[in-house]
Amino acid sequence: GVLSVSAFGLVRLSLGLAMPDVPLGVPGFYLPLSGGSWALTGLVVACGLVTGTPWAPFAARVGAIALAGWYWSDRLFLVRSDYARQTWPASLLVTLAALGFVFWSLRRPESRQFFEETPA
């Protein structure tokens, strides 16, 4: 999941840099900057999760919330299409399921043991 965020960020970065000169509803730097930011964030968090770094679960939780917040603010304020208006319930369900999975998987005893966290 986290590497997918990084990969999609890289795609957004590269496509944002290669965009033809067309009118956009956002400044030209928005697509590559947001893509590069998520690519780097995803890569750092993924490395932390794979290596069992103690800060990684917290970073993954914060990153998941930040990604969901960014996605929904982007969708609500920048995307104007009939498709977006029709599919928001499914998108909301997927967002909530993804957040639930991140928090659930990081609270499992195996995960806590791997990251040497003490149970709350």
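**Helix packing chat**

Colleague: Let's start with H2 and H3. Which way is their crossing, left-handed or right-handed?
Modeller: Left-handed, as H2 goes past H3. Bear in mind that this is a predicted model.

Colleague: OK. Which residues make that contact?
Modeller: On the H2 side you have Tyr30, Ser34, Trp38, Val45, Gly48 and Leu49. H3 brings Ala56, Pro57, Ala59, Ala60, Gly63, Ala66, Leu67, Trp70, Asp74 and Leu78.

Colleague: And at what angle do H2 and H3 pack?
Modeller: About 160°, and their axes are 9 Å apart. Over 145 degrees counts as roughly antiparallel, so H2 and H3 are roughly antiparallel to each other.

Colleague: What about H1 and H2, how do their axes cross?
Modeller: At roughly 155°, and the axes of H1 (residues 2-17) and H2 come within 7 Å. That angle makes H1 roughly antiparallel to H2. Their crossing is left-handed.

Colleague: Switching to H4. Where is the kink?
Modeller: At Trp88, shortly before the proline Pro89, and the kink is about 55°.

Colleague: How many residues does H4 have, and how far does it reach?
Modeller: H4 covers residues 82-107, so to speak 26 residues, and reaches 38 Å from its first C-alpha to its last. That is close to the 38 Å expected at 1.5 Å a residue.

Colleague: Which H4 residues are buried?
Modeller: Ala84, Thr87, Ser91, Thr95, Leu99, Ser105 and Leu106.

Colleague: What do those buried residues pack against?
Modeller: Three helices are listed for them: H2 (30-51), H3 (56-78) and H5 (109-114).

Technical notes
Residues numbered from 1 in each chain as written. Predicted model: local features only at pLDDT ≥ 70, side-chain atom pairs only at ≥ 80, totals over all residues. Heavy atoms only, no water. Helix = DSSP H or I, 4+ residues; strand = E, 2+ residues; numbered from the N terminus. Expected span 1.5 Å × (residues − 1). Bend = angle between axes of the 7 residues up to and from the residue. Buried < 20%, exposed > 50% of the residue type's maximum accessible area, 1.4 Å probe, protein only. Contact = heavy atoms within 4.5 Å. Axes fitted to C-alpha atoms, helices over the stretch in contact; angles between N-to-C directions. Parallel < 35°, antiparallel > 145°, perpendicular 65-115°, else oblique. Left-handed = near helix turned anticlockwise from the far one by under 90°.
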